Amino acid sequence: MTTTTMHPAAAAKSSLPWPALLTLGATTLVMVTAEMLPTAVLVPMSRGLGVAEPLVGQLVAAWALTVVVASLPLTYLTRRIDRRTLILAGIVLLAASSLLTAVAPVYAVALAARLVGAVSVGLLWATANAHVADLVEDKDLGQAVAVVLGGATLGMVVGTPVARLIADASSWRAAFVVLAVAALGTGLLVRALVPARPRRAAASADDPGPARGPLGPTLVVVTLVGLLLVGHYGAYTFITRLGERAAALLPGEMSGLLLAFGLASAAGVALAGRLARRTTLGLIAASTATAFMLLALTWAESPVSGLVTILALGLASGAVPPLAQTEILRLAGTGHRDLAAALIPVVFNGGIAIGAAAASLLVGRAGPAALPIPAAAIAAIAALGLGIAAARRQFRAGERHA
């Protein structure tokens, strides 16, 4: 979580609940590690379960699809339960899922365990997003979201590599056991450091404006962010193919390139925290930069150009999640907070799934070199749409003021 730490002087003036936010950041680290762990232990897990490697890869796809399907219904069914209680329940369920995966004798049991974990993480993402918004003032929301999502970034940069080291030193089952222990550890931290808060929407009588705001602008931004993610993750799915020549410039080659991309993404998260009070402009800028960098992958055949482009793509795309989540939660207001928080994991996992699937079809027909232009076009449409939507909101706000 050091990726989002402020300068000491700024931190002294901040009213952010740092222990709670860092604890929730640790929770997102565990969640992302749990989601991506099968990819880190792909070969030993396939051998241990006696199945082909693509079937182990499908454990990640099934996870994402389950999050998309389960998040909204679960959020509705649990809407009257205290959010910290829901977070604790989700963590315990995730730990149980990881432990069951570790002892799974056959693939079917591992798949069932993964689906249980996906359900828990769908609820965790939605609940944690809403709870962060309840813990801080609106002016601090952008920075708070960036802190929590710093944990998710570290899950990619640190969590999965550490899990692979454990698997190499012992076994893939040991990696899942350690994940279960880590989940329970974060649960204890949540119980000790994350305060419970009443749902602010319940107090909407004192603040009728934000609680009863229109849902339309939120849904527009959610849709456009989903479109942006389709373009980005379509290209990212095959980044190891697009970046083959760039990887040769780094120690460790491809592993070094992926680490560099992850660090650039972490820098993007930190940058988003600096733009906390200008999330609308920040999101438009990050989306536009992402589109340009996707287009620049067309010239990734040049090692130097490819490396610079991939690092710049990591920086731009890394800023998108915290800026997008902050914008969605702010537009929703307190009245639609639960729905907006539930839509966030749906749109992110949906964008990943659709982008990866569409890119796989395109690469199967035309090869990886065909990816950058359509991916950039999709991202550019999303960035343009976000700009138009922001201009319309500003125009309508001016009309109401007049």
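**Helix packing in the predicted model**

Helix α10 crosses helix α17 in a left-handed manner (the near helix is turned anticlockwise from the far one by less than a right angle). The structure is a predicted model, in which local features need pLDDT of at least 70 and side-chain atom pairs count only at pLDDT 80 or more, while totals for chains, interfaces and linings use all residues. Residues are numbered from 1 along each chain as its sequence is written, and side-chain values use heavy atoms, with hydrogens and water left out.

The axes of α10 (residues 216–236) and α17 (residues 372–401) come within 8 Å and cross at roughly 160°. The two helices are therefore roughly antiparallel (an angle over 145 degrees). Residues of α10 that meet α17 include Pro217, Val220, Leu224 and Leu228, and their counterparts in α17 include Ala375, Ile378, Gly385 and Arg393 (contact means heavy atoms within 4.5 Å).

Helix α5 spans residues 83–102 and reaches 29 Å from its first C-alpha to its last, close to the 28 Å expected at 1.5 Å a residue (1.5 Å times one less than the number of residues). Among its buried residues are Leu86, Ile87, Ile91 and Leu94 (buried means under 20% relative accessible area). The cover over the buried residues of α5 includes α2, α3, α4, α6, α8 and α16. At the start of α5, a side-chain oxygen of aspartate 82 lies within 3.2 Å of the backbone nitrogen of arginine 84.

Leucine 361 belongs to helix α16. This leucine 361 is exposed, with a relative accessible area of 62% (exposed means over 50%).

Key
Helices (H or I, at least four residues) and strands (E, at least two) are DSSP runs, numbered from the N terminus. Buried means under 20% relative accessible area, exposed over 50%, partly exposed in between (1.4 Å probe, protein chains only). A polar contact is a pair of N or O atoms within 3.5 Å; within protein, one must be able to donate a hydrogen and the other to accept it, and residues adjacent in sequence count only if both atoms are side-chain atoms. Axes are lines fitted to C-alpha atoms, for helices over the stretch in contact, and angles run from 0 to 180 degrees between N-to-C directions. Angles under 35 degrees count as roughly parallel, over 145 as roughly antiparallel, 65 to 115 as roughly perpendicular and the rest as oblique.
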